[in-house]
Amino acid sequence: GDSKTFAWRSDVLNRLQSKYGSLYRRDNVILSGTHTHSAPAGYFQYSTFVIASGGFSNRTFEYMAAGIMKSIEIAHANMKPGKIFINKGNVDGAQINRSPSSYLRNPQSERARYSSNTDKEMVLLKMVDLNGDDLGLISWFAIHPVSMNNSNHLVNSDNVGYASYLFEQEKNKGYLPGEGPYVAAFASSNLGDVSPNILGPHCINTGESCDNANSTCPIGGPSMCIAMGPGQDMLDSTQIIGRIIYQKAKELYASASQEVTGPLASAHQWVNMTDVTVWLNSTHTAKTCKPALGYSFAAGTIDGFGTLNFTQGTTVGDPLWDSIRDQYLGKPSEEIKECQKPKPILLHTGELSKPHPWHPDIVDVQIITLGFLAITAIPGEFTTMSGRRLREAVQEEFATYGMLNMTVVISGLCNVYTHYITTYEEYQAQRYEAASTIYGPHTLSAYIQLFRVLAKAIATDTVANLSSGPEPLFFKGLMAPLIPNTVDRAPVGTTFGDVLQPANPKYRVGEVVEVTFVGANPKNSAENKTHQTFLTVEKYEATSATWKIMHNDASWETRFYWHKGLRGHSNATIQWHIPDTAQPGTYRIRYFGHNRKKNFLKAVILPFESTPSTFDVVTTW
């Protein structure tokens, strides 16, 4: 599933309040997911997401919330006066629209105003201190982080994460990944229908294009229709797309000269998204719906198909699946079926409350303005045209009340996750993004109306008069994990961290070092944080007779694989893909883990580490 923020928002806000009082509040804190599909799951409170990830994991939740809090504390402690510069530019060759037939449903007159069916513009903020020394950057660009497809099991941050990694490696010379002072954040935008797999959808069995309204192949159906990235494999594609994003950010950063000045303002409301009356014009209204997922949600996308051979663009239900759903979950009401039309409802999540709600009803809407820049915090994934409509409406609203020429940024996946938001016209096509527009056909119009209210309040300085709206219920841990904790065991006569397969004595640059150890469940590291990395690659420095850490588990040159065996036995394999830049010399790979052990009735988690024998890296034999 998607790794995005967020029942943490209230948890993090509570922690912030107890530490900083009223300094950081619901209106001036945005939690936004840079978004990856390759991360630990099970921390989101609504049942739909929790079932997909094997149950609620309290330790993942705690680990993430504590990590967010820690990063805010570090930022707070390092706060200093400085300047912000803004720059914008187009990124070419990194994206395609993954539902072009849906996009074509939008009015011709509207489409004629744009040169592309994706938004190519990157908006970048450069932050420096008063001496002009670099502090960090944040940029927004619409691209799905799905260069890594759903066959991948390696935790990683995908293409935008790789862009961030490259920028930070360059700025934080001599630091390990994730440890330097400079932060480069690549944030989500209106990426709902945008794929990084730029070679487009092809049938993997025949090689022919399957860029059709149903994303299906003549032989094998939708599961054969997969979009390919530009690389030899998905890791290569991730790095190619990530590098394109990084290169544009580097260029925009170097030439950023327009300073962002002016007052800071923020506005936030909670809204019951299942019950918004939308004014379509001065006389006609429509309503949003209780949430539901359509058939095409189960079809998945060309970036990751579903497992049950559903097809995108499905506008009628299937008696078999309908009867299975009715039997296990009850029938959807006539009201929800009527409201969600033409979506055939697969899961009427808004009418399911066991073991607790399946989808959020109460959603955050929020805008923060810095001078002429407005950041709209969107609680989901807007499609390209949805984002354009919202930006235009918010800019227009600001202008109506005297704030002219505002730059409006769509910051996606903020505060709470509500799947996708298509335009009314795209909704009629019922591809994946539309089937996942959970509050029905008028969802976008409702958000536009709500964000106009926030923009007007900021422009007229009446934020104090905004009602806070209905506060969401905060529940966590009500759904037991579906995966039990097992005690780790090492084979007889061995201990955790023992080497089962050692490295060779000698390697050349470009080769792969691989070492296998007696392992323990890596999830234990979320509870016992003795070690901050699963591995290090270290080089021997003869002059000082010390070992220098060259790479950790966040380095793209290293891989950590955990292989689960029976009854608590497991192996851990560490790889180092030796880069061409590696200096010749003596190296070692170390493994750091934590094992779960039963101590009388209580489970304890103990740290261990392993330092196997050394090996040499040479440039030539």
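Student: How many salt bridges does the count come to?

Tutor: The count comes to 24 salt bridges, a salt bridge being a side-chain nitrogen of Lys or Arg within 4 Å of a carboxyl oxygen of Asp or Glu. Bear in mind that this is a predicted model, where local features need pLDDT of at least 70, side-chain atom pairs count only at pLDDT 80 or more, and totals for chains, interfaces and linings use all residues. Residues are numbered from 1 along each chain as its sequence is written, and side-chain values use heavy atoms, with hydrogens and water left out.

Student: OK, what does Asp364 pair with?

Tutor: Asp364 forms a salt bridge with Arg9, and their closest N and O atoms are 3.1 Å apart. Asp364 sits in strand 17 and Arg9 in helix 1, 355 residues apart. Helices (H or I, at least four residues) and strands (E, at least two) are DSSP runs, numbered from the N terminus.

Student: Is Asp364 buried or exposed?

Tutor: Asp364 counts as buried at 5% relative accessibility, and Arg9 is buried with 5% as well. Buried means under 20% relative accessible area, exposed over 50%, and partly exposed in between (1.4 Å probe, protein chains only).

Student: And which residue does Arg113 bridge to?

Tutor: Glu392, with the closest N and O atoms 2.3 Å apart. Arg113 lies in the loop between helix 5 and strand 3 while Glu392 is in helix 11, so the pair ties together parts 279 residues apart in sequence. Arg113 is partly exposed at 47%, and Glu392 is partly exposed at 35%.

Student: Switching topic: where is Arg559?

Tutor: Arg559 is in strand 27. Arg559 is buried but has no salt bridge; Asp233, the nearest side chain of opposite charge, is 7.1 Å away. For that search Lys and Arg count as positive and Asp and Glu as negative, while His and the chain ends are not counted.

Student: So what polar contact does the Arg559 side chain make?

Tutor: One with the side chain of His577, at 3.2 Å. A polar contact is a pair of N or O atoms within 3.5 Å; within protein, one must be able to donate a hydrogen and the other to accept it, and residues adjacent in sequence count only if both atoms are side-chain atoms.
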